[in-house]
Protein chains: 2
Amino acid sequence: MKVKLGTFPLVYPIPIVLAGAMVAGKPNYATLGDCGVMGIKPPLVYVSLNETHYTTQGILEHSTYSVNFPTTEMLAVTDYCGIVSGRDIDKAMLFESFYGELETAPMIAQCPVNLECRVVKEFTIQHRHIFIGEVVQAYVEATYLIEKEGQRGIADMTQLDPIIYALDNRYYRIGEAIGMGYQEGKIFKHTM
Amino acid sequence: MKVKLGTFPLVYPIPIVLAGAMVAGKPNYATLGDCGVMGIKPPLVYVSLNETHYTTQGILEHSTYSVNFPTTEMLAVTDYCGIVSGRDIDKAMLFESFYGELETAPMIAQCPVNLECRVVKEFTIQHRHIFIGEVVQAYVEATYLIEKEGQRGIADMTQLDPIIYALDNRYYRIGEAIGMGYQEGKIFKHTM
């Protein structure tokens, strides 16, 4: 039996990322789960921030941002960056920052994956500021890469050990691999 | 050492959902991972589809859609709905559909969670059609709900057993809970 839970955006699982921007000349990082893929070619990734967020200022100023993926070992500092504002705390002190092609999208060295993004579209909807960025470069810690069919790719997402969030306000680990995309349904196809 | 992987939208983990719409008078369901939260109050959820997708037609016609969350037991049929088009296969036959307040957003009874959405903003960006919907109702299978602090909520996301995807083209299970949102960072706070 289905129960109505009301007007609640119960999407799961949610990726936990640190969005990076230059604010008032310094790197700042905001923890958020409102991030996802909007396209592959071109590679589009969005982040949604409150209009009043300190990070929002920086993205509006430079039209660049980064998306950084912490590991579960970084859970405390990641959660912390979602509790405190860059207006009160210098978050640049919490991480080692590095820069790529855009120069105004600070990235976190400790995160195994970083996406450097240039804003291609932005708008406000209610009190949210949505930034859609084109990924100009993806950075991955070398130890997580393997050669697959002549291309470099990610070995296994479990090794990247991401922090997963859900709207029950809990963080989770990733579990084991259970299948391949565009493959599992083929058996089904033959029975139709 | 960080390695450049090129212009790749390496967001992870990705939620695997079945987006539902009425197309040519029948329910149709498309598997996608380009879905996420854009806001809580109001509750905003987006889906990104190719302009040519059969489902896109239906959402454009009715300005309504649903987001349905399959379990790992539904992996084969879910993957299948990402391989075949509703133009060729009657996907309504694969599931039991039900309707809520909007009447034109078919939902999948077998999925433990369904979001019924009304489009509040839509745009195209390159070859993608992005629909941002306000959740008018969230439906949850009663067995997954508990009373928490006088409010009904989700017991534990591991019970919902979602299908997780990553851009290594693998599906994963969810792992165990590792902490609480806005709590884990408090220890960190006191050390600053």
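Met180(A) stands opposite Arg170(B) in S15(B), where strands (E, at least two residues) are DSSP runs numbered from the N terminus. The model is predicted: local features need pLDDT of at least 70, side-chain atom pairs count only at pLDDT 80 or more, and totals for chains, interfaces and linings use all residues. Residues are numbered from 1 along each chain as its sequence is written, and chains are lettered from A in the order in which they are written.

**Strand pairing across the chains**
- S15(A) and S15(B), residues 170-180 of chain B, pair in the antiparallel sense over seven bridges; two strands pair if DSSP finds at least two bridges between them.
- An open sheet of six antiparallel strands runs in the order S2(A)-S14(A)-S15(A)-S15(B)-S14(B)-S2(B).
- Strand S2 (14-15) of chain A and strand S2 (14-15) of chain B stand at the edges with a single partner strand each, so one side of each is left without a neighbour in the sheet.
- Strand S1 (residues 2-6) of chain A is joined by four bridges to the antiparallel strand S11 (residues 128-141) of chain B.
- Gly6(A) has Ala138(B) as its bridge partner in S11(B).

**Interface**
- In chain A, 88 residues are in contact with 88 residues of chain B, contact being C-beta atoms, placed from the backbone, within 7 Å.
- Strand S15 (residues 170-180) of chain A gives the most to the side of chain A that touches chain B, with 11 residues.
- Of the interface residues of chain A, 100% are also interface residues in chain B, so the copies meet through the same surface.

Technical notes:
Contact = placed C-beta atoms within 7 Å.
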